Amino acid sequence: MGYTRPVMEDLIIIGAGAVGAFIARSLSRYELSVLVIEKENDVGDVTSMANSAIAHSGYDPEPGTKKAIFNVAGNKMFPQLAKELDVNFGQVGTMTVAVEDEQIPMLNDLLERAKKNGVPAKLLTAEEVKKAEPNINPEVKGALLCPTGGIVNPFTLVAHAMENAMDNGVKLALNEEVKAIEKTKNGYLVTTDKRKLEAKVVINAAGLHSDEIAKMIEPIDWKILPRKGEYYVLDHYAPGLVNHVLFPLPSAKGKGVLVTMTTSGNYLVGPSSELVDDKDDTATDTMTLANVKAQAMTLVPKIPFNQEIRVYAGLRATPSTHDFIIEPSKKYASFINVAGIESPGLVSSPAIGEYVATKLVAAVLPLKEKKNYNPCVRPYVKPLSLHVDERNELIKKNPLYGEMVCQCEKVSLGEIYDVLSRSVPCLTVKALKKRTRAGFGKCQGGFCQPQVIRLLADYYHVTPLEVLYDKAGSQIVIDETKKEAK
Amino acid sequence: MIEKDLVIIGGGSAGMAAAVGAYDNGARDMLIIERSPFLGGILNQCIHNGFGLTEFKEELTGPEFAYRFIAQVKERKIPYVLDSTVTGITKEKVVTYTNEKEGVVQVKAKAIIMATGCYERSAGAIGIPGERPAGILTAGQAQLFLNEYGYLCGHRVFILGSGDIGLIMARRLTLEGAKVLGVAEIMPWSNGLNRNMVQCLYDFGIPLYLSHTVSKVVGHNRLERIEISQVDEKMQAIKGTEMSFDVDTLILSIGLIPNNDLLNSMGVPTSRSRGAIVNENFETPLDGVFSCGNVLHVHDLVDNVVAEAREAGKSAAEYLEGKLPRAAKEIDVVPGDGVGYVVPSKLALKGDADHYLFKFRVRKPSKNVYIDYTVDGKLVKSVFKPIIIPSEMEIESVPKNLLENAQTSIVVSMRQKEA
């Protein structure tokens, strides 16, 4: 006899991207049992991982839309949030740049829109733009400055939000895919590829696949259209290339190709925007990237592309409705769809999490605050940001902070073990790279990857042949060489 | 803060030879800082032979070559620290390094020699089209896995780029039982040493596809297939020329780049080699800061690295004794037609040397050409080369008397001999 009745959870959240993680975090404040199910082997592993890493100010979405409301609300949360979650966030401001005279009226329209959305914004003259951005196209005609926009590390944002949720009692199941959902008398029976689960409330935060999940309950009149964006990453040895997030004027296809620094001092150039059929298609393409390059150079003509260290593509979960879908299903108040969270989704996520918890979940479950809720993650020690004397003290206590594993990004062994000891599992080379930046630099793991594989193998008591780069089947080394002759 | 006359950053072939050169010219108070647990650097993973033909007049493996220099360092009792990473350096020559035992150490140096080697251009740097699965790695990384860790990165392998490490890995992987299906080189010529072409590809029947590049990689988790295409003169893939290979591994040997971050962070300008600008004494525009070996320009033979580094060490020793005053003016050395870069980038034209060494690479393989040395617009020397190729660094000696009256520039260029 090998079967038991599943434990009834209060809530199951499907998806551990930015949206799922922040909903989990908001719910972790209350006396509820919450389980997050993620089909990938890491949190924040699809759309939340491959985007522009921007905390948009909210000047761009059409006033009154959910995008506008949650963007502006989310942006306001970021300074505090970044402290609580120990995430790199830089409120550097965004500039939307006009390079042709005909674009000036569009800047005025955007200023009006910013005002309506309650976003601080001001118009800059060409001279002011040139002064703030010495590398800007000299043909610049003016720009809209939004000082509350910023840059954020999207990898640690999601991981730390989930970590904080877990530290407050939320459970996470990685590598588990929801296959069916059935309404029962008291809630839902959720069948995954591994087991059956029960919950009173289900929250669908399944990103690109949220339409498929929603359809498990009832017919829907919307769908998710994967829209690909391709990017270049440049190394961080060209300081001062740009000082703000630089956007062109937006078009029907989105905010256009931006040029920005990242919180680690790299530069991002992208994205393209193209609808694709396949929700797994993250391939890059030479022509598309060449086009991205050409468009970026209309903003900043001298981008040092010889500093390119990586290209990537991400898929936006574009809703056919063109606005975020954050509402209960038609039939059941206890089945909540949070879908179509495309840009500005990253910055909106914390506000979406709060809304879902305090409005939509509150409507169906009693919310009772936990006494010992802690909004902060255990601080992450960053040796290089410490004064020499403090670093010496730290290394005396824990010598592992003195040994550098990743030479390019200066990541110490101590930081790696710290990440491995956290609540959110860090199972793969890529997960470790996202958390610590080991392997993110100019050599792309050329020097440190063998050591990283060995560390993961030792930590998880497996052999290097089992250590994954990313998804199942992505082993990096696949055979031993020094085997005895048979 | 501790004080040292000379800090050498990097304990590979260049760092060790620079230390020996400095010691043998009188320097004593010095420290080599090495990031790995051993001296020797990348030589330790180069277990093939072919090293030392000039330096030791015999053929050695990488570790053997390294060992000879480790012995020289130890004989001279030159201090070194291992497992130590330099995390910062200032214009005032304060070097900060960290390790498990000492914590953070700040060293105020009178002179610094940068010998941090180079790194490999990665898949991201050339934006190979397609997905980013496991199974795409650089040749040096595959070599490290294989030779130091004992793991094979794949069973069916294709190699992009005909750089020397890629060629050596083609042979090495074949000997370890992997099937190497081919090598694609985007240029119409090979980028490896001739001996490696013969001994690593031809001897094993591995095909070389010139003017070809990888136009697509397929595989969501682990690499499954690649497509190569012929390229046109603009290096763009030509439609209709695709060839497909079912492979689990793509090895990249597409170039090495000087690992010059520390000097960049000090604001030292770079030359076309992507290394620092230096004069004939290997001194950068910052007084007492020297650069040599692969961090200055990528060499093809370690024998040339150690010869260069010894000279840089000698210069540093002279600098410490006050015998290397900065010239009031330095003459620019400029790569001209057909020449990729030249080391040195500047000539101080001081000191008692009676000739200067010019090291350079040409941009493309050529036959029957002259290498011209033009001083302030006037041709002073031409050297005939029946054959010259980019993969082999040229070293030429030019007498001082031809150069000493230079006022502004010396151009090194390549010129076709008229038929």
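Modeller: A residue is buried if 20 or more other C-beta atoms, placed from the backbone, lie within 10 Å of its own, exposed if 12 or fewer, and partly exposed in between. What you see is a predicted model: local features need pLDDT of at least 70, side-chain atom pairs count only at pLDDT 80 or more, and totals for chains, interfaces and linings use all residues. Residues are numbered from 1 along each chain as its sequence is written, while chains are lettered from A and ligands numbered from 1 in the order in which they are written.

Biologist: OK, is Ala178(B) buried or exposed?

Modeller: Ala178(B) lies in the loop between helix 5 (164-175) and strand 13 (179-185) of chain B. Helices (H or I, at least four residues) and strands (E, at least two) are DSSP runs, numbered from the N terminus. Ala178(B) has 26 C-beta neighbours inside 10 Å, so Ala178(B) counts as buried.

Biologist: Leaving aside neighbours within four places in sequence, which residues is Ala178(B) in contact with?

Modeller: Contact means C-beta atoms, placed from the backbone, within 7 Å. With sequence neighbours within four places left out, Ala178(B) touches Leu152(B), Gly154(B), His155(B), Val157(B) and Leu173(B).

Biologist: In helix 6 of chain B, which residues are on the face turned away from the buried side?

Modeller: Start with the inside of helix 6 (residues 194-201) of chain B, where Asn196(B), Cys200(B) and Leu201(B) are buried. These three share a side of helix 6 of chain B because their arc around the axis is only 80°, an arc being that of the directions from the helix axis to the C-beta atoms. They pack against helix 5, strand 13 and strand 14 (208-210) of chain B. The opposite face carries the exposed Asn194(B), Arg195(B) and Val198(B).

Biologist: Which element supplies the largest share of the side of chain B that touches chain A?

Modeller: The contact involves 48 residues of chain A and 41 of chain B. By class, the chain B side has 13 nonpolar, 19 polar and 9 charged residues; Ala, Val, Leu, Ile, Met, Phe, Trp, Tyr, Cys and Pro count as nonpolar, Asp, Glu, Lys and Arg as charged, and the others, Gly among them, as polar. The largest share of that side, 6 residues, belongs to helix 4 of chain B.

Biologist: Which residue in strand 11 of chain B does Asp479(A) stand opposite?

Modeller: Strand 23 (residues 479-480) of chain A and strand 11 of chain B run antiparallel, joined by 2 bridges. That makes a pair, as two strands pair if DSSP finds at least two bridges between them. Across from Asp479(A) is Leu152(B).

Biologist: Over how many bridges do strand 1 and strand 8 of chain B pair?

Modeller: Ile8(B) stands opposite Ile113(B) in strand 8 of chain B. Strand 1 (residues 2-9) and strand 8 of chain B pair in the parallel sense, and the count of bridges is 7.

Biologist: What separates the centres of domain 1 and domain 3 of chain B?

Modeller: The bounds, from an automatic or database domain assignment, are 1-120 + 255-326 for domain 1 and 328-419 for domain 3 of chain B. Between these domains, 13 residues of domain 1 contact 16 residues of domain 3. Taken over C-alpha atoms, their centres are separated by 26 Å.

Note on methods:
Two residues are in contact if their C-beta atoms, placed from the backbone, lie within 7 Å.
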